[in-house]
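Here's a quick tour of one chain, with the sequence and the coordinates side by side. Have a look at the model first, then read on.

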Amino acid sequence: MHPDLYRRLYADPTIHYGDANYDRSPGVRYLPLFKDFIKGNVVDLGCGRAQLMEHLIKDDHDITVISIDQVAVAPKVNAGDITQPLGLEMALGELGGAATAVCIDVVEHLPAEQLPGLFANMKACERQVISVHSGSAREIGFEAELHLNQLPVDAWEKLLGEHFSVVKRIDIEAGRALFL
């Protein structure tokens, strides 16, 4: 992972990761696709600018956001390594139990050896929402490749199926999918 690049990406409002004309947050763009799947409290792992948090709060969800690899960019964001144990079981118990883990466009940014730690944190929640995209991320102009894990969507589906009970795959566009 490249934390310095992410700090620059999320701190600079002129850099658009995704479609600048349609909200900068993939989580916000995808929310209509998974909104009805959410149950209980929400934990957004790898929240970026935490824009999804603001939309979920409007819908009366309690939400905890944890930014990727100590890259906290908003006041309510908890900085922490989402690939290491976060003690979510205890925190969720204090919040009243059942929750949904959301991880939007994050897994492709992690080395394969870090995925089991992220998945373990997500399993602390009753439901999981994961989006993936394949291919390169160099189009946004950074000198280093941001997608360290460039699996095709079908390979992601197989890998996620080994860790979670995937109930639905939603193809968003070529090379992008959402798994519930």
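Residues are numbered from 1 along each chain as its sequence is written, and side-chain values use heavy atoms, with hydrogens and water left out.

The chain averages a pLDDT of 76, and 67% of the residues score at least 70; pLDDT is the predictor's confidence in each residue, from 0 to 100. Where pLDDT is low, the predicted coordinates should not be read in detail.

## Overall layout

You'll find six helices and seven strands here. Both are DSSP runs numbered from the N terminus: helices are H or I with at least four residues, strands are E with at least two. Starting at the N terminus, the order is α-α-β-α-β-β-α-β-α-β-α-β-β.

Of the 180 residues in the chain, 48% count as buried, where buried means under 20% relative accessible area (1.4 Å probe, protein chains only). As for contacts (heavy atoms within 4.5 Å), residues 24 or more positions apart account for 62% of those with a separation of 6 or more.

## H2, mostly covered

Helix H2 (residues 26–34) has seven of its nine residues buried: Pro26, Gly27, Val28, Arg29, Tyr30, Leu31 and Phe34.

The axes of H2 and H3 come within 9 Å and cross at roughly 40 degrees. Axes here are lines fitted to C-alpha atoms, for helices over the stretch in contact, and angles run from 0 to 180 degrees between N-to-C directions. The pair is therefore oblique, the label for whatever is left once angles under 35 degrees (roughly parallel), over 145 (roughly antiparallel) and 65 to 115 (roughly perpendicular) are taken out. On the H2 side, Gly27, Val28, Leu31 and Phe34 meet Gln51, Leu52, His55 and Leu56 of H3. That contact divides into five nonpolar, three polar and no charged residues. Ala, Val, Leu, Ile, Met, Phe, Trp, Tyr, Cys and Pro count as nonpolar, Asp, Glu, Lys and Arg as charged, and the others, Gly among them, as polar.

## H5 against H6

Helix H5 (residues 115–123) and helix H6 (residues 153–163) have axes that come within 11 Å and cross at roughly 55 degrees, so H5 and H6 are oblique to each other too. From H5, Leu115, Phe119 and Lys123 meet Trp156, Leu159, Leu160 and His163 in H6. The residues of this contact split into five nonpolar, one polar and one charged.

Asp105 is in the loop between E4 and H5 and is buried at 6% relative accessibility. Its phi is near 50 degrees, a positive value in a residue other than glycine. His109 lies in that loop between E4 and H5 as well, buried with a relative accessible area of 2%. Its C-alpha atom is separated by 9.9 Å from that of His133, 24 residues apart along the chain.

Which residues does Arg176 touch, leaving aside its neighbours within four places in sequence? They are Tyr30, Asp105, Val132, His133, Val153, Ile170 and Asp171. Arg176 lies in strand E7 and is buried, with a relative accessible area of 17%.

Terms used
This is a predicted model: local features need pLDDT of at least 70, side-chain atom pairs count only at pLDDT 80 or more; totals for chains, interfaces and linings use all residues. Buried means under 20% relative accessible area, exposed over 50%, partly exposed in between (1.4 Å probe, protein chains only).
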